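Have a look at the structure first, and then we'll go through it.

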Amino acid sequence: MEESSSAAAGDQRDESTEEEVTIRKQDTDQPSTCSEIEQEAFDLDGSESKTPLNKNDILKAVQVVERDSRAIADSFSSLFDSLRLALSEVTSGSVDHMRCFGDAVGRLQESALDAATKGNRYINSCLRLNEEMKGMDSLATQLKILRRNVDALDGAVNKLVRIP
């Protein structure tokens, strides 16, 4: 019994889709949005006509409204599915970008720490060299005195060698 009701529902959906296409084609030519049944119920001036509606017309109108409501619900469902998919794709893209950003920040942090370590080593080497150079001032003074003495000795030796 469920199969027959689902088959009937499938037929109704197909019919509502076909009618929907037909209605859309008719809507461009027709300014009124009322169905034919509703138009029959009202006169041209908008007042209710005297002809009573029978139950079959009312049931047909209700069925049309139900089919249209179902089509609208399906349309909204499809829209929400599309929005959910788009949001999921955007979210997964954002997660990927955040992971990439996290990796880049991690590498940058490692590089900064490495550069800071090397900079500290260089500073320490410069400080040691500076301390060693402080002892060089007295050595430089001694070398200057020694050089003067060597130059004086060289000059004295040159005088002795030229005597001939």
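## Starting with one side chain

Does Asp96 count as buried, partly exposed or exposed, and at what relative accessibility? Asp96 comes out as partly exposed, at 46%. For the cut-offs, buried means under 20% relative accessible area, exposed means over 50%, and partly exposed is in between (1.4 Å probe, protein chains only).

A word on ground rules: this is a predicted model, so local features need pLDDT of at least 70 and side-chain atom pairs count only at pLDDT 80 or more, while totals for chains, interfaces and linings use all residues. Residues are numbered from 1 along each chain as its sequence is written, and side-chain values use heavy atoms, with hydrogens and water left out.

## The overall layout

The protein chain has three helices and zero strands, so reading along the sequence gives the pattern α-α-α (helices are DSSP runs of H or I with at least four residues, strands are E runs of at least two, and both are numbered from the N terminus). Helix 3 covers residues 55–161.

Asp81 is partly exposed at 38% relative accessibility, whereas Arg84 is exposed at 55%.

Back to Asp96: its salt-bridge partner is Arg99, with the closest N and O atoms 3.8 Å apart. These two are also three residues apart in helix 3, or about one helical turn. Arg99 is exposed, with a relative accessible area of 54%.

Then there's Lys134 with Glu131, where the closest N and O atoms are 3.4 Å apart. Again, the pair sits in helix 3 with a spacing of three residues. Lys134 is exposed at 52%.

## And the cysteines?

How many disulfides are there? The count is zero, with a disulfide taken as a pair of cysteine sulfur atoms within 2.5 Å. Cys100 is exposed, with a relative accessible area of 53%, and Cys126 is partly exposed at 36%.

Definitions and conventions:
A salt bridge is a side-chain nitrogen of Lys or Arg within 4 Å of a carboxyl oxygen of Asp or Glu.
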